[in-house]
Amino acid sequence: MTRLTHGALRLTVFVGGNDTWHHRPLYAEIVHRAHAAGLAGASVFRGVEGFGASSVVHTTRLLSLGEDLPVAVVVVDTEERVRDFLPRLDELVTEGLVTLDPCEVVRYEGRRPS
């Protein structure tokens, strides 16, 4: 397990909730690859409204249940490990936004086995 203390890097990948990679949700593939790479953790957050480079607003307020809502996959780890992971995203993220932000980890603890 990666030990995080103090400075870290946050990777955020913004994609559409309907985006897929080989018939699997794209966000799930990103999380799977982050796990396989041994990164400290990854979380997926579904937006209720947003727009991106296409300027099309996606929202839950419309009557259609099939809207392609925005999704953010957030990964936090050391700068070296996050930057080493970036090439694994190149083939996956052909549309969307990928950002990096420095962050400070104040607590990183897993559940203890019972």
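## Exercises: a pocket and some salt bridges

The second largest pocket has a volume of about 170 Å³, the space filled by probe spheres set on grid points joined across faces, edges and corners. Here a pocket is an open set of points on a 1 Å grid over the protein atoms alone, where a 1.4 Å probe fits, with protein on both sides within 12 Å along at least five of seven lines; lining residues have an atom within 4 Å of a point.

This is a predicted model, in which local features need pLDDT of at least 70 and side-chain atom pairs count only at pLDDT 80 or more, while totals for chains, interfaces and linings use all residues. Residues are numbered from 1 along each chain as its sequence is written, and side-chain values use heavy atoms, leaving out hydrogens and water.

**Exercise 1.** Find which element has the lowest mean pLDDT and which the highest.

*Solution.* Begin with the term: pLDDT is the predictor's confidence in each residue, from 0 to 100. Next, take the elements, which are DSSP runs numbered from the N terminus: helices (H or I, at least four residues) and strands (E, at least two). Where pLDDT is low, the predicted coordinates should not be read in detail.

**Exercise 2.** Describe the lining of the second largest pocket.

*Solution.* Start with the count: 11 residues line the pocket, and Gly41, Ala42, Ser43, Val74 and Val76 lie nearest its centre. Then look at the elements: β4 (42-46) and β7 (70-77) each supply at least two lining residues, and β4 gives the most, with three. Finally, sort by class: the lining has eight nonpolar, two polar and one charged residues. Ala, Val, Leu, Ile, Met, Phe, Trp, Tyr, Cys and Pro count as nonpolar, Asp, Glu, Lys and Arg as charged, and the others, Gly among them, as polar.

**Exercise 3.** Trace the salt bridges of Arg33 with Glu29 and with Glu91.

*Solution.* A salt bridge is a side-chain nitrogen of Lys or Arg within 4 Å of a carboxyl oxygen of Asp or Glu. First, Glu29 and Arg33 have their closest N and O atoms 2.8 Å apart; being four residues apart in helix α1, they are separated by about one helical turn. Second, Arg33 meets Glu91, also at 2.8 Å from N to O. Arg33 lies in helix α1 and Glu91 in the loop between α2 (79-90) and β8 (97-105), so this pair ties together parts 58 residues apart in sequence.
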